[in-house]
Amino acid sequence: MCIASLYFILLDMYPFFFFSFSYSGAKLALDSLEVPVGCVIVEDGKVIASGRNRTNETRNATRHAEMEAIDTLLEQWREKRLSTSEVAEIFSKCNLYVTCEPCIMCAAALSIVGIEEVFYGCANDKFGGCGSILSLHSSSSEALMSGGVPQGKGFKCTGGIMASEAVSLFRNFYEQGNPNAPKPHRPLTHQAIQ
């Protein structure tokens with residue numbers, strides 16, 4: 001086998017390597033009775049942030065894995081007193097690896113921060129923002145501005161990486177039941193049950 005062939009084999013396996021870290025975060029979320037989604041943000045081949053769903057733990061519906069990872073980085077960079085343009089430059093070189101397609105909220109946030117590329121496991125047929133419901137990743141590649149406020153730019157997106165493993169975590173979560181799910185406000189009617 002020549003070196004060029006080996007290079008392309010390793011390049012094809014690259015997303016799987018980082019996805020394994022995302023999967024670990026998703027398992028941690030599952031063990032914490034959270035919807036099992038985990039992610040990592042990678043810059044220059046190095047994990048620089050990770051996140052997992054923490055919506056139940058924090059009682060905050062915005063605490064999705066992607067938002068946790070983004071906020072971790074923003075806090076680190078705020079402490080280093082990086083400028084907005086420096087933060088934008090770093091994000092433009094970062095990739096996100098996440099077990100499930102980012103929801104509309106997270107895809108919009110990833111667009112606003114200017115992430116370069118997103119790799120995800122399974123599709124999000126109810127709330128997906130990278131093609132399943134909306135395609136927020138495919139907007140213009142130039143950052144949009146509205147009144148001087150960045151409104152986001154497009155990013156590359158690749159789905160289906162270890163999708164069956166991600167779906168398996170979701171099955172486990174829903175089979176065990178979600179003790180944090182709201183109770184129905186009214187009983188189901190006999191007709192609705194059938």
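**Entry 1: a starting residue**

I began with Phe18, which is buried at a relative accessible area of 2%. For my own reference, buried means under 20% relative accessible area, exposed over 50%, and partly exposed in between, with a 1.4 Å probe and protein chains only. I note that this is a predicted model, where local features need pLDDT of at least 70 and side-chain atom pairs count only at pLDDT 80 or more, while totals for chains, interfaces and linings use all residues. Residues are numbered from 1 along each chain as its sequence is written, and side-chain values use heavy atoms, with hydrogens and water left out.

**Entry 2: the whole chain**

Next I stepped back to the overall layout. I found 7 helices and 7 strands in the chain; helices (H or I, at least four residues) and strands (E, at least two) are DSSP runs, numbered from the N terminus. Along the sequence they follow the pattern α-β-β-α-α-α-β-α-β-β-β-β-α-α. The chain has 194 residues, and 38% of them count as buried. I also looked up contacts (heavy atoms within 4.5 Å): among those between residues at least 6 apart in sequence, 56% join residues at least 24 apart.

**Entry 3: the cores**

Which residues touch the most other members of the largest nonpolar core? I found Ile41, Phe91, Leu96, Ile115 and Val118, in a core of 32 residues. A nonpolar core is a set of buried Ala, Val, Leu, Ile, Met, Phe, Trp, Tyr and Cys residues joined through side-chain atoms within 4.5 Å. Among the elements that give two or more residues to this core are strand S1 (38-43), helix H3 (65-79) and strand S4 (117-122). H3 provides the largest share, 6 residues.

I then followed Ile41, leaving out residues up to four places away in sequence. Its contacts include Val47, Leu73, Phe91, Leu96 and Ile115.

**Entry 4: aromatic rings**

How many aromatic pairs does the structure hold? I noted 6. Rings of Phe, Tyr and Trp (its six-membered ring) pair if their centres lie within 6.5 Å; planes under 30 degrees apart count as stacked, over 60 as edge-to-face and the rest as tilted. The Phe17 and Phe18 rings have centres 5.0 Å apart and planes at 75°, so this pair is edge-to-face. Phe17 is partly exposed, at 49% relative accessible area.

Trp77 and Phe91 make an edge-to-face pair too, with 5.0 Å centre to centre and 75° between the planes. This pair links distant parts of the chain, as Trp77 is in helix H3 and Phe91 in helix H4, 14 residues apart. I checked both for burial: Trp77 is buried at 6%, and Phe91 is buried at 1%. I also listed one aromatic cluster, formed by Phe17, Phe18, Phe21, Tyr97 and Phe119.

Is Leu110 in H5 buried or exposed? I found it buried, along with Cys106, Ala107, Ala109, Ser111 and Val113 of H5. Gly114 follows H5, and its phi is positive, near 85°.

Finally I went back to Val47, a contact of Ile41. Val47 lies in strand S2 and is partly exposed, with a relative accessible area of 35%.
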